[in-house]
Amino acid sequence: MSVDIKTETVDFDGKSALLVTVKDGSCIIGTCSMGCVEQSGNLSARLRMFYIGSDPVLNLICPSRANKQSDKLVSFSPGFQGYDIKINDALTNSFNRLNNGESLGSGLRDVFGLLGDGVYTVYYSDYYPTDGNGNFYWGAYNISHEVHGTAEHNRAIGDREYRPCFLLPTQPMDYFAPRVKVGIDEQVKTRRVQGIAYHVSGLYSALLKGHHGSVFCVENNIPFRCAVIEKITEPYVERKPRPTVSAPPAGEVDPEAPNAAEQLDAEQTPAENPDDGIDNAGINGITGFRSPSVKIPLYAFPRDVLKQLIESRTEFKPPHFNIMAAKLLTTRRKSINNNAMPRSVLERAEQMPDCEMVESAYAIDELTDEQLNCLLRGEVECNGKLIVSPNFYSSIITACSFLQFKDPKRFVDFSIAIMESPELSAAHEYVARRVASQTSNSKVFNFFKTVSESNDVKYDKIHFIAQTYVRRLSQK
Amino acid sequence: MAFCDLKPVSAMDGERGITYIIGNVFAIYEMGPEPPVVYSWDMIRSVAVISKEITFDTVGGKYSVKNNMFTSDDDLLRAIALIECKIKDYHFDYQHARRLFPLKSSYLELNPGKETYVGEDVLDEGDTAASFIMLLNFKLVKILWLIGLMVMLLTLGGIHLAVGITRTNWLYFVPISAAAGAITALLVHIVTQAIARARFRSIAEADCAARKEITFVVCRQGFAACESCVYESRDLVPWSEVDYFIESDKMFIIYKNNMPIAFIPKRAFDKKYVGGIADIMALNLEQR
C-alpha cells in the first residue's frame, strides 16, 4: 500500500505551521513502547525505543510509570546493527534536496514516507550538538543515564512552546571516521541545512542525517541548522490566569469577621498547587493539539487533518516490532578503530549552553535589575509579582542560567554579588561552578583571585573552585 | 501502557448525527462545519459502563454512547479496553458491572518470555456455571450437614411434642426425622445451585466478553484472559496483582481480594500443557 502524504500550511493567531499528514505510513522511523522494565524488583519504569528500520537505536527508560514530568534514562541501543542502505539513501536524497533549495515539504518527502501514521510539523531550527550537559552528543549516550530535559512536560518551561535544541545520535560512536569528515568539510561550509532531526522527547531530537557535518560545524563555530520533524500528539488547554485576590495584611484582618480564619489562612499558607492561579471554569474541551514547538488550536486544523489526528494513535508498534525486540537482546559486534573525536570539538561542546540555560530562557521573559536586587535581598517577589518561582534557591539558579544564556555581562555581576553575600551561602558552590566552567573574563578572574588569597569564612565553599580556576587560567 | 496499539473507536448516533471517537482523546463530532468538542482524559470525571451504554461525565457535560451505536461488539470491547487503560494514568471514577475477566487497567506490557502457554476459546456456559456452583459448594458444604442435622432434630422435637416418642415408636420417628433433614439439605443445595447458575447468567449477559473468543495466556511473568479482538501479544496481568487460585477439573479460577477475577478453562490449551500451566500458577500463587 502506498503512503499517502499531504502537506499544508496552517495560519492561526498571526503564526503559521507546516503540517504533514501521513496515512498508511511505513513506520520505518519512529518511537514505540517496549513495555515495562524491571528496576530493583519494580515494574514501574517503561522502556520506549527510537527505531530506524528494524533496528533499535535509542533506549529511553521512562521512570515512575512513564510520568511525563520525569526525565528519562537514555542510552544508545546495544542491539543496533546498522540500518538498511535504502533508508540511508532516502535520508541522503532528502538532505541533498533541501540543500539544493527545495522547500521543507517537498525536500523531505522521502523521509515522510518513512514515518508512521500521524500529523507532523516541520521547521528549521538551530541545534547545539551536545547532550545538554556540555558533552558532544555523538558518543555521549553509550551508558544509560538520566538526561536532564528529556521529560515531555518540562517543569521549568511549563505550558509554553519551546524548540528542542539538543541532539541524540542515530549512529554509534565507532561510525565516526576522520577520513569521511575531511571529505565533507568543504561541503558543510556551503550547506543551507546541516542535518535532519526527528524529535524524540523534551528538548532532545535524534539526528537522522549530518553526524560528520556536526563535528565540522562545532569545530568551526558554524550554526548547526536542522530540518526538524515533530509529531503533533498532545492535547492542550489554554487556561486564563485567574484574577488574583491578595490576602489583606494580618493587621487588617478583622478577628470578628465571619471569614477571619480563612483570611488568616490565606495569608499564611503558601501556594501549594501550581495550578492555583489558573481559572478552570468555563472550559469545554481542549483548545487544540501541540508538539513542543507549536500549539495549534482546533479551529486552525483542516477538518480531515484533525480527524486523522484524533483517529490516530500516539505511538504504536511497527509491523517489524518482533525483529526489533529480538535485536534489543543482542549486542552489536563493534569494529575496533583508533578514531577519536577532535579535542577542540569536545572543548567547544563544553562551552555551549546547557539544558538549564535553555530551559530558563524559555521559562523567563525578562529579568530587570530591580528583580535581581530583590533576589539578592532574599525575596522571591518584586512589587507583588513572583519573579521566577516561589522557591528561593530555584529562583536564584534559574536566574543565573537565564542571565548566562541571555546576558553574560549581567550574569557575571549577579554571580559575584551572590558569592559576596554570606546569606546566600547555600547557592555559592553552584554559582561558582557555573561561572568557573563557562566564563573566562577578567572580572571573574580578579574575583576568584581575591577569593583564593582570602581567608574569609564566607568564601569557604568556593575556595577550592576559585583556586582551580585561577590555576587553570594562569597556566594558559 | 498496556493495549497502547488499540486503534481509536468511533460510534455513530444516527438520530442526532453525532459521531463519538474514543481513543487518545474523547471527541464529539456534531453535524456542521464546527470543529469537534475534544476532551483529553484528564477532563473526564467518570465513566460508567453499564448494560446498554457507556456514560462519560466530562468537565463540559455528560455524554451517553449507546452500545448499539458501535458498528460491532468488537468495537464496543475495544472502546471499553481503551477506557480501562486510561484509568491507571488519569484516575477517573469507573463504574462497571461485574466482569468475568480482569479489567484492562490491571494489565502491564511485559515480555512474556519463552515458557508461554497461549490458548483461545469461547467461555463455555456449562463449564463456567459448574465452576460457579463448585465455588458455592466450597462455602456451602461446611453448613449443609449442619442444616440437615438441625432440621432432623427440629422434626424429632416436633413429633415428640405432637405425638410423644416412646420406646415402642422411636424406631419409626428417627428415620422420618433423618429423611426430613436430608431432604431439606438437598432442597437447599438445589436452590443454591439454581441461584449460582442464575448469577453466572446475569454476569454473562452483562459482559459481552462471555460470548466472544478469549485469548488465554499463562507465563512466568503473569497471565492474560482477554477478548481476542482486543488482545496484544505482550499484555499481561502480573502475578503480584492477584492473590490465589483454585483448580477445578475444568478450570483455573484466579482470585483477588476473595473475588474470582479470571476463569481460565483448561480446554483452551492442549491437554499436555495443562500440567505446565498448573506448575507456573503454583509457583507464583497460593493454591486453595
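1. Domain spacing in chain B. The centres of domain 1 and domain 2 of chain B, taken over C-alpha atoms, are 29 Å apart. Five residues of domain 1 of chain B and five residues of domain 2 of chain B make the contact. On the domain 1 side, the class count is two nonpolar, no polar and three charged residues. Keep in mind that this is a predicted model.

2. Domain bounds in chain B. The assignment places domain 1 at 9-96. Domain 2 is written in two pieces, 116-124 and 209-287. Domain 3 covers 125-208.

3. Contact between the chains. Chain B puts 23 residues in contact with 19 residues of chain A. Two strands of chain B, E4 (37-39) and E9 (108-109), each supply at least two residues of the side that touches chain A. E4(B) gives the most, with three residues. What is the class make-up of the side of chain B that touches chain A? There are 14 nonpolar, five polar and four charged residues.

4. Overall form of chain A. How does the radius of gyration of chain A, with its 476 residues, sit against that of a compact globule? The globule rule gives a value near 23 Å, and chain A has 25 Å, which agrees. The C-alpha trace of chain A spans about 75 × 65 × 50 Å along its principal axes.

5. Make-up of chain A. Chain A holds 17 helices and 19 strands. Of its 476 residues, 42% count as buried. Take the contacts in chain A between residues at least 6 apart in sequence: 69% of them join residues at least 24 apart.

6. A helix pair in chain A. Two packed helices are described by the angle between their axes and the distance between the axes. Helix H11 of chain A runs over residues 355-363, and helix H13 of chain A over residues 392-406. They pack at an angle of about 95°, with axes 8 Å apart. Angles of 65 to 115 degrees count as roughly perpendicular, so H11(A) and H13(A) are roughly perpendicular to each other.

7. Residues at that helix contact. From H11(A) come Glu356(A), Met357(A), Val358(A), Ser360(A), Ala361(A) and Ala363(A). Across from them in H13(A) are Thr398(A), Ser401(A), Phe402(A), Gln404(A), Phe405(A) and Lys406(A). The residues of this H11(A) and H13(A) contact divide into six nonpolar, four polar and two charged.

Key. Residues are numbered from 1 along each chain as its sequence is written. Chains are lettered from A and ligands numbered from 1 in the order in which they are written. This is a predicted model: local features need pLDDT of at least 70, side-chain atom pairs count only at pLDDT 80 or more; totals for chains, interfaces and linings use all residues. Two residues are in contact if their C-beta atoms, placed from the backbone, lie within 7 Å. Helices (H or I, at least four residues) and strands (E, at least two) are DSSP runs, numbered from the N terminus. Ala, Val, Leu, Ile, Met, Phe, Trp, Tyr, Cys and Pro count as nonpolar, Asp, Glu, Lys and Arg as charged, and the others, Gly among them, as polar. The radius of gyration is taken over C-alpha atoms; the globule rule is 2.2 Å times the number of residues to the power 0.38. A residue is buried if 20 or more other C-beta atoms lie within 10 Å of its own, exposed if 12 or fewer, and partly exposed in between; C-beta atoms are placed from the backbone. Axes are lines fitted to C-alpha atoms, for helices over the stretch in contact, and angles run from 0 to 180 degrees between N-to-C directions. Angles under 35 degrees count as roughly parallel, over 145 as roughly antiparallel, 65 to 115 as roughly perpendicular and the rest as oblique. Domain bounds come from an automatic or database domain assignment.
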